[in-house]
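Below are my notes as numbered points, for you to check against the coordinates.

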2 protein chains.
Amino acid sequence: MSGSPAPSRITLYALPDIPDVQAGDDVAQLILEALKRAGLALQAGDVLVVTQKIVSKAEGRAVDLTTVTPSRPAAELAQATGKDPRLVEVILRESRGVIRQRAGVLIMETRHGWLCANAGVDRSNIAGPAGEVALPLPVDPDASARRIRAALQTASGAEIAIVVSDTHGRPWRLGAVNLAIGVAGMRPLSDLRGQVDRSGYTLRSTTIARADELAAAAGLLSGQAAEGLPVVLIRGADYPRGEGRAVELQRPPEKDLFR
Amino acid sequence: MSGSPAPSRITLYALPDIPDVQAGDDVAQLILEALKRAGLALQAGDVLVVTQKIVSKAEGRAVDLTTVTPSRPAAELAQATGKDPRLVEVILRESRGVIRQRAGVLIMETRHGWLCANAGVDRSNIAGPAGEVALPLPVDPDASARRIRAALQTASGAEIAIVVSDTHGRPWRLGAVNLAIGVAGMRPLSDLRGQVDRSGYTLRSTTIARADELAAAAGLLSGQAAEGLPVVLIRGADYPRGEGRAVELQRPPEKDLFR
């Protein structure tokens, strides 16, 4: 329509045909190849949301459960929750401590400080030569994001941001959502303190978890099983530039009324 | 690039120039006019994410605080938390009960069953003839969503979904995010139970809060103060069709380890 104001717009692209990732793979290279296949070139301000699972696999984090001997605490916690003692052993190695335990439920604080079920450890059911495999989170998802960003910026010349995402359940609300557990090239929180909207209502919420919104948006494309869409390009989103870390999203225990 | 596979794509548009909403305004009509200004026509499968504030204003929910006489419980709770007793009175009228209280903090369970700060009541600081105003949530955001959807479908002929969103803080994580408090034309949860990804990892999270992901994505465009972008059109997103209600997202208290 001639003369109509262009609406603000954001576009999300799921990068196609990223192959199954193996230990030692170069995630940035896989992303560059997928971008090329899709006919997309990185632009300044783009955000790439990468699911933690491919980062973790590439970093060789997978653990063959047949090699795991459960400790006594793992065996006891497995008994109490009805979980596989070998899996619980891996979970405990990834954790600072147990937040809640019930039959079938183990909410942990990870070594990074994230609160989530099973310390974020995924489990494979493949009955293959590798046996059953557990896949913990990346050791330092912020560092992973920085490495991927550096490689993509060198290759493309574009200043971009990276979000490493994971899918977490939540208190109060059913259903999981994608959240940020690593960032690079952005600060995860947008500070709106003191701003009012145009009708004079003070913003109740003074900071917005922009990295979590980006991760959740990407979840609309990547959040399906068996589809192989672990990387989403978000173009046109406003986010606070800078050198932030996702761990800034962690609510300090003394300011958390619900842990 | 000729022959390249088209990447899966989602586009978000913030509808421009929606005027300040008054009690009695027709939100669906305002959306239709904004769509026309933007040169956009609704298509089957579109989702419109509408911030609760304009719905609430249109439904005449604003309360002039100069007319509010605090009850004794409101006065006591105001004393304990350092909040305005008149505002606390409005909050209590909107609530089933107090979940947590601290100096400056009042986490409530709303009459709808949402857990959020101040029962979702916004506050105006306008020093105008109307005096100070408090703005509660819509009485029934699912019903609001259904009304808006019915009007837009009649006008456009397109089968769409509506999400009414609000911005909430969260346990465990700093920063607020947009969440769904009303839906129409969709079920809020995507059930992925039993699915595995292509490398054989069972999905840890069996249901995805699709309505919350849609709301969070819209927050990337609408979540700024003073910009007047209360409606975001999301095109290309997959969501479970059906007649759902956002209250299905509420975790039953007996399944909530953190309330």
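1. Let me begin with surface area. Chain A exposes about 10100 Å², and carbon and sulfur atoms supply 50% of that area. Accessible areas come from the Shrake-Rupley method with a 1.4 Å probe; for residues, only the protein chains shown count as cover.

2. A word on conventions. This is a predicted model, in which local features need pLDDT of at least 70 and side-chain atom pairs count only at pLDDT 80 or more, while totals for chains, interfaces and linings use all residues. Residues are numbered from 1 along each chain as its sequence is written, chains are lettered from A and ligands numbered from 1 in the order in which they are written, and side-chain values use heavy atoms, with hydrogens and water left out.

3. Now the overall make-up of chain A. There are six helices and 14 strands in chain A; helices (H or I, at least four residues) and strands (E, at least two) are DSSP runs, numbered from the N terminus. Of its 259 residues, 59% count as buried, where buried means under 20% relative accessible area, exposed over 50% and partly exposed in between (1.4 Å probe, protein chains only). Among the contacts in chain A with a separation of 6 or more, 62% come from residues 24 or more positions apart; contact means heavy atoms within 4.5 Å.

4. Helix α6 (residues 210–222) of chain A and helix α6 (residues 210–222) of chain B have axes that come within 8 Å and cross at roughly 125 degrees. That angle makes α6(A) oblique to α6(B). Axes here are lines fitted to C-alpha atoms, for helices over the stretch in contact, and angles run from 0 to 180 degrees between N-to-C directions. Angles under 35 degrees count as roughly parallel, over 145 as roughly antiparallel, 65 to 115 as roughly perpendicular and the rest as oblique. The crossing of α6(A) with α6(B) is left-handed; a crossing is left-handed if the near helix is turned anticlockwise from the far one by less than a right angle, and right-handed if clockwise.

5. Which residues make that contact between α6(A) and α6(B)? From α6(A) come A:Arg210, A:Glu213, A:Leu214, A:Ala216, A:Ala217, A:Gly219 and A:Leu220, and they meet B:Arg210, B:Glu213, B:Leu214, B:Ala216, B:Ala217, B:Gly219 and B:Leu220 of α6(B). These residues divide into eight nonpolar, two polar and four charged. In this scheme Ala, Val, Leu, Ile, Met, Phe, Trp, Tyr, Cys and Pro count as nonpolar, Asp, Glu, Lys and Arg as charged, and the others, Gly among them, as polar.

6. Within chain A, helix α3 (residues 72–81) and helix α4 (residues 85–93) have axes that come within 8 Å and cross at roughly 120 degrees. The angle therefore makes α3(A) oblique to α4(A), and the crossing is right-handed. A:Pro73, A:Ala74, A:Ala75, A:Leu77 and A:Ala78 of α3(A) make the contact with A:Pro85, A:Val88, A:Glu89 and A:Leu92 of α4(A). By class, they are eight nonpolar, no polar and one charged.

7. In chain B, helix α3 (residues 72–81) packs on helix α4 (residues 85–93) at an angle of about 120 degrees, with their axes 8 Å apart. That makes α3(B) oblique to α4(B), in a right-handed crossing.

8. The loop between α3 and α4 of chain B holds B:Asp84. Is B:Asp84 buried or exposed? It counts as buried because its relative accessibility is 19%. Leaving aside residues up to four places away in sequence, B:Asp84 touches B:Ala78 and B:Arg123.

9. Please also check B:Arg61, in the loop between α2 (52–58) and β3 (63–64) of chain B. B:Arg61 is buried, at 15% relative accessibility.

10. Finally, a backbone point. A:Asn118 has a positive phi of about 55 degrees although it is not a glycine. A:Asn118 sits in the loop between β6 (115–117) and β7 (122–124) of chain A and, at 13% relative accessibility, counts as buried. In chain B, phi of B:Asn118 is likewise positive, near 55 degrees.
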